[in-house]
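Subject: Handover of a protein structure

Dear colleague,

Please find below the structure that I am handing over to you. I would be grateful if you would look through it alongside the notes in this message.

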Amino acid sequence: MCGIIGYTGRNKAVPYLLTGLERLEYRGYDSSGIALIDESGISVVKRKGKVSALRQAVGDNFTATAGIGHTRWATHGEPSQLNAHPHLSENGMFAVVHNGIIENCSEIKQELKQEGYSFLSDTDTEVISQLLEKNYRGNLITCLKDTLPQLQGSFALAVLHRDFPGTILCAKKDSPLIAAKSEDGCFVLSDTLAAREHISACYIMGDGELALITENSLSFFSADGTPLSKEPHFLSGCTDGADKGDFPHFMLKEIYEQPAALRDTLSAYVKEGRIVFPGFCLSEREIKAIDKIHLVACGSAYHAALCSKYIFHQLTDKEASAHIASEFRYDSIPLSENSLVVIISQSGETADSLAALSLANSKGAKTLAVVNVENSSIAMKSQSLICTLAGTEISVATTKAYICQLAVLYLLALYIGSHSGGYAPSELLQQLLSLPEKVEKELLQNERALAAADLLKGSEHIYFIGRGTDYALSMEGALKMKEISYIHCEAYPAGELKHGTISLIEKSTPVVALCLRKDLFRKTLSAIKEVRARGAFVIALTAAETAESLTDCDFVICIGSAVSDMLTPFLDAVPLQLMSYHTAVKRGCDVDKPRNLAKSVTVE
Ligand code: M6R
């Protein structure tokens with residue numbers, strides 16, 4: 001994971017590169033750099049830290065009209081100026097930016113060192129620039145096609161050659177790369193967001209493809225160097241998400257965008273009271289034949305899977321299970337043509353989820369992607385596709401995309417239930433459709449969440465507990481809190497505490513107890529009493545009807561709207577997000593770009 005942008009055209013390249021890199025910072029932000037090319041050669045500027053540091057270093061000095069840029073999330077080598085991309089080859093002939101991992105870089109490095117090449121950085125990328133220089137015989141495409149088979153792993157590459165100002169060479173395998181034309185030049189990008197206002201159509205490079213980009217032309221080649229003709233993808237008119245508006249952080253803006261995101265997602269798939277999924281290509285017979293549903297994802301998307309697993313069991317006659325994508329591959333799970341594997345991902349580029357999808361496809365399972373980015377790798381490699389319509393999500397901590405994943409998964413459970421003899425009550429669909437207004441009401445919890453954050457901001461540890469879907473939400477609440485506030489948080493099924501973890505509870509240990517589900521309230525109340533008896537400081541999230549029974553708790557957030565137990569996850573998500581947000585702000589953390597993280601995790 002890293003962000004790449006290249007521009008070649010009639011205007012100065014620097015403004016495009018720097019603005020693009022700022023937009024790509026969600027992919028990594030530990031260091032960044034650009035290489036500019038003109039008749040006088042290649043100039044490189046790199047800095048450790050955010051793109052703002054690079055912007056300052058670059059200043060107004062460069063007039064070149066072509067260049068490449070990179071924002072990094074470190075895999076090989078610490079975050080530093082030296083390890084930042086672009087990387088030059090031995091004699092400065094090539095400059096390379098790279099997203100992905102070269103798995104055999106140690107072997108290549110050793111061989112090249114024996115041949116006299118020297119290395120300045122600890123990165124895997126530097127072997128690519130050195131190999132390109134070694135293999136260069138006067139033709140750029142030939143050089144690239146001869147070099148790539150030597151690399152094992154994943155890559156999206158943008159490359160400059162000293163003797164070809166105005167030309168950018170590109171290649172892609174298992175990391176996204178997109179080429180696009182604008183009115184005054186051409187781009188290569190990890191994500192169209194980086195130059196969204198300049199482009200209306202783009203060419204999504206496939207695995208193994210190469211490209212040569214000049215001021216006026218985009219030429220594509222297959223791995224053996226044969227020219228390829230590619231169809232453009234037209235981008236929707238929407239250019240949302242690129243700025244924060246009046247909000248201090250993207251995360252807060254995106255929390256407040258949840259009602260609209262939910263409305264857009266629900267209305268895309270519910271027409272005249274019926275659920276319609278144009279991209280879900282299973283016949284009624286195939287739906288009936290499904291014997292197992294595997295919900296596979298990472299991070300928050302996994303929590304959406306975990307939560308909806310309970311719903312699949314309530315609404316369908318199918319067995320469903322939630323899997324962490326990076327583990328799914330090592331579990332030898334039996335898959336057949338009657339297995340439905342649902343890959344859930346905001347970015348659609350998460351490497352572990354993509355690998356799980358490839359495995360499911362290769363084993364003959366039916367595959368369905370639930371993604372927020374329509375042209376992403378997961379969307380394109382899956383047999384069926386349902387997009388969440390959350391709009392662009394910038395903050396590393398997901399909020400609106402997560403809630404839209406829940407909405408799509410609930411609709412899917414209803415859809416499968418109604419097509420295969422399960423239980424699909426029309427009242428539930430009506431309640432789902434009323435969620436945008438209810439979520440809007442929960443945004444009024446902001447003041448309560450702020451007060452809770454005051455109580456939590458000094459904590460070293462926080463435990464989150466719940467049962468059933470409340471447990472799935474505890475997992476999400478704990479992840480949200482830890483990733484942005486750096487407080488150690490753990491989530492437990494409320495009934496499991498007494499089997500070990502309760503020994504960690506002492507006087508004033510914060511416990512966030514989720515007891516939204518009325519059917520499980522009494523049981524969770526027992527767990528609250530157990531931790532209270534050991535001195536825990538309890539913040540409880542509950543429904544209005546049950547709040548009175550929680551007089552013993554230190555702080556109660558009362559969920560305003562009445563919904564069926566099945567739908568409470570949509571409502572408790574909001575105060576949990578706000579509580580994490582305010583806690584992180586009060587601790588002075590970089591909310592939108594938490595340390596060590598990136599939004600899109602394109603390495604395994
Ligand atoms: O793009 P994806 O949905 O596949 O990303 C999965 C996780 O990396 C993501 O949900 C991550 O856990 C978020 N930072 C959580 O807020």
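Predicted model: local features only at pLDDT ≥ 70, side-chain atom pairs only at ≥ 80, totals over all residues.

**The protein as a whole**

The secondary structure of the protein consists of 20 helices and 27 strands. Its radius of gyration is 25 Å, close to the 25 Å given by the globule rule for 604 residues, so the protein is as compact as a globular protein of that length. The C-alpha trace spans about 75 × 55 × 45 Å when it is laid along the principal axes.

Of the 604 residues, 61% are buried. The protein exposes about 22,400 Å², and 49% of that area is supplied by carbon and sulfur atoms. Contacts between residues at least 6 apart in sequence were also examined: 73% of them join residues at least 24 apart. As for charge, there are 57 positive and 71 negative side chains, and the centres of these two sets lie 3 Å apart.

**Domains**

The protein is divided into domain 1 (3–234), domain 2 (241–433) and domain 3 (444–590). The centres of domain 1 and domain 2, taken over C-alpha atoms, are separated by 33 Å. Where these two domains meet, 10 residues of domain 1 are in contact with nine residues of domain 2.

**Two buried leucines in helices**

Leu412 is part of helix α13, which covers residues 400–419. With a relative accessible area of 0%, Leu412 falls under the 20% limit and is therefore buried. Which residues is Leu412 in contact with, once its neighbours within four places in sequence are left aside? They are Phe277, Phe280, Phe312, Val342, Leu368 and Ile386.

Leu428 belongs to helix α14, made up of residues 426–433. Leu428 has a relative accessible area of 5% and is likewise buried. Apart from neighbours within four places in sequence, Leu428 is in contact with Leu315, Leu414, Ser564, Met566 and Leu567. Leu428 and Val563 are 135 residues apart along the chain, while their C-alpha atoms are separated by 9.5 Å.

**Two glutamines in loops**

Gln346 is located in the loop between β20 (339–345) and α11 (351–362). Is Gln346 buried or exposed? Its relative accessibility is 12%, so Gln346 counts as buried. Neighbours within four places in sequence aside, the contacts of Gln346 are Val371, Asn372, Val373, Glu393, Ala401, Gln405 and Lys599.

Gln152 sits in the loop between α5 (140–147) and β7 (155–161). A relative accessibility of 48% makes Gln152 partly exposed. Beyond its neighbours within four places in sequence, Gln152 is in contact with Ile101, Ile102, Glu103 and Asn104. Gln152 and Ser420 are 268 residues apart in sequence, and their C-alpha atoms are 44 Å apart in space.

**Backbone features to note**

Most residues other than glycine have a negative phi, and most peptide bonds are trans.

The peptide bond joining His85 and Pro86 is cis, with omega at about 0 degrees. Pro86 lies in the loop that runs between β4 (66–72) and β5 (87–88).

Glu272, although not a glycine, has a positive phi of about 50 degrees. This residue is placed in the loop between β16 (270–271) and β17 (274–275). Glu272 has a relative accessibility of 83% and so counts as exposed.

Ser508 is not a glycine either, and has a positive phi of about 75 degrees. The loop that holds Ser508 runs between β24 (488–493) and β25 (510–515). How accessible is Ser508, and what class does that give? Its relative accessible area is 46%, which means that Ser508 is partly exposed.

With kind regards

Terms used
Residues numbered from 1 in each chain as written. Heavy atoms only, no water. Helix = DSSP H or I, 4+ residues; strand = E, 2+ residues; numbered from the N terminus. Rg over C-alpha atoms; globule rule 2.2 N^0.38 Å. Buried < 20%, exposed > 50% of the residue type's maximum accessible area, 1.4 Å probe, protein only. Contact = heavy atoms within 4.5 Å. Areas by Shrake-Rupley, 256 points an atom, 1.4 Å probe, with all protein chains shown as cover. Lys, Arg positive; Asp, Glu negative; His and termini not counted. Charge placed at Lys NZ, Arg CZ, Asp CG, Glu CD. Domains from an automatic or database assignment.
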